[in-house]
Amino acid sequence: MTTAEETREKTGLGARAIDPAVLADLRERDDAGRPAEPFTDEEGGAPLRCCLRKSEPGEQIALVSYAPLRRWAAGTGAAPGAYDEQGPVFVHARECAGPQGAGLAFTGAHRVVRRYSAGGHILGGRLVEAGAAHFDAALAEAFDDPAVALVHVRAVEYGCFLYEVRRP
């Protein structure tokens, strides 16, 4: 087992895909109120938030609008106010098996780790270099702060939500 895997096993920190019940909603009507429009991904490589892997050529996927902080806040009673955002995410057009394994996803590129309070307010962020060990260090640093309730991992290029990590 690598050091990164040991850290995740010990801390319980891991990537959380979009919940299957939420995915079912998004496949009908997304968080912007639009119906999903499935399409065939001819090239592959789209980061799927339902199973936390890249799409394969020929898979049926959909690009939907998702409000991760709003969905989290609805379950916790938080009031993110102006920090509530929605943005595009790729998901399988139909139900899938979900993530295979408990590791962190999409660690092969620079990402932003954005920290949120229990009230849903941004507490800060950090640019993270590619590599699981860098992600583990950034998450450990984030959750060393007792005010941090959850973290969003986001793409640098577009700022898109990739997945969340919650306090264990």
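Q: Which way do β6 and β8 pair, and over how many bridges?

A: In this predicted model, strand β6 (residues 111-117) pairs with β8 in the antiparallel sense over seven bridges, where strands are DSSP runs of E of at least two residues, helices are runs of H or I of at least four residues, both numbered from the N terminus, and two strands pair if DSSP finds at least two bridges between them. Local features need pLDDT of at least 70 and side-chain atom pairs count only at pLDDT 80 or more, while totals for chains, interfaces and linings use all residues; residues are numbered from 1 along each chain as its sequence is written, and side-chain values use heavy atoms, leaving out hydrogens and water.

Q: And what stands opposite Arg 154 of β8?

A: That is Val 112.

Q: Is β8 mostly covered or uncovered?

A: Mostly covered, since eight of the eight residues in β8 (148-155) are buried, meaning under 20% relative accessible area, with exposed over 50% and partly exposed in between (1.4 Å probe, protein chains only).

Q: What about β9, how many bridges join it to β8?

A: Five bridges join the antiparallel strands β8 and β9 (residues 161-166), and Tyr 163 in β9 is the bridge partner of Val 153. The two strands form a hairpin with five residues between them, and Gly 159 in the turn has a positive phi of about 80°.

Q: Switching to α2, which residues are buried there?

A: In α2 (residues 20-28), Val 22, Leu 23, Leu 26 and Arg 27 are buried.

Q: What do they pack against?

A: They pack against β4 (59-66), α3 (68-76) and β5 (87-92), with contact meaning heavy atoms within 4.5 Å.
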